Amino acid sequence: MLNFNFPGQREGEDVLAVIYKHSIVYARILSAFFLVIFLPVIIFLIIWFSIYPLEAHYEGGIVVSIFMCLIILFGLLFSCIKWINEEFDIFILTTDRLIDITQVTFFKRMVTSTPLEQIQDVTGIVSGFVATILHYGDLTVQTAAGDASDFFIDRIPDPEGVARKILDWANKKRKGERFTAYDALNEEDPDDL
């Protein structure tokens, strides 16, 4: 059984899977920070201090250094906010429902759920060279309520496999078959999700 509890979990509701984003998301955030903030600041400082040596222009060098440190700090702040927005986008699949938690902005989170019986179609899409090599992609879950209640999470590992498992568990729930998280883990490799 998956040892994961969340606020609003119902009595007797077992967690089948928690679907997080692929680690490529964090690599993109780090590379963006280094390419957009850190590397230009370091290059600027090298050029600045080669043109205006610190010994001759002490006050100007200190002011420029402080300003560049502030730019790096703001870059770190925005990178942390982006990381939080990506880290808290998750799907929680339980024996009763699918819960989509989306971190919209730093101070805004949206939580929606649907019963497993209402899941009609699940689509996993891998597109692009890097996504194909690292096998990550997007997952869309369509429910009986129509377009207004489509669930979407981007850049997750093995989206096709996750789509098959969600659809399989939804079909079992629709047929009235009783299953637990222990049954779900025994029918597949728990490291797949």
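Strand β2 (residues 90–94) and strand β3 run antiparallel and are joined by 4 bridges; strands here are DSSP runs of E with at least two residues, numbered from the N terminus, and two of them pair if DSSP finds at least two bridges between them. Within this pairing, Leu93 faces Leu98 of β3, and a hairpin of 2 residues links β2 to β3. The model is a predicted one, in which local features need pLDDT of at least 70 and side-chain atom pairs pLDDT 80 or more, while totals for chains, interfaces and linings use all residues. Residues are numbered from 1 along each chain as its sequence is written, and side-chain values use heavy atoms, leaving out hydrogens and water.

On to the next strand along. β3 also pairs with strand β4 (residues 108–115), in the antiparallel sense and over 8 bridges. Here Ile99 has Ser113 in β4 as its bridge partner, and 2 residues lie between β3 and β4 in their hairpin. Because 7 of the 9 residues of β3 (residues 97–105) are buried, this strand is largely enclosed by the rest of the structure; buried means under 20% relative accessible area, exposed over 50%, and partly exposed in between (1.4 Å probe, protein chains only).

Leu54, in the loop between α1 (24–51) and α2 (58–87), has 35% relative accessibility and so counts as partly exposed. Helices are DSSP runs of H or I with at least four residues.
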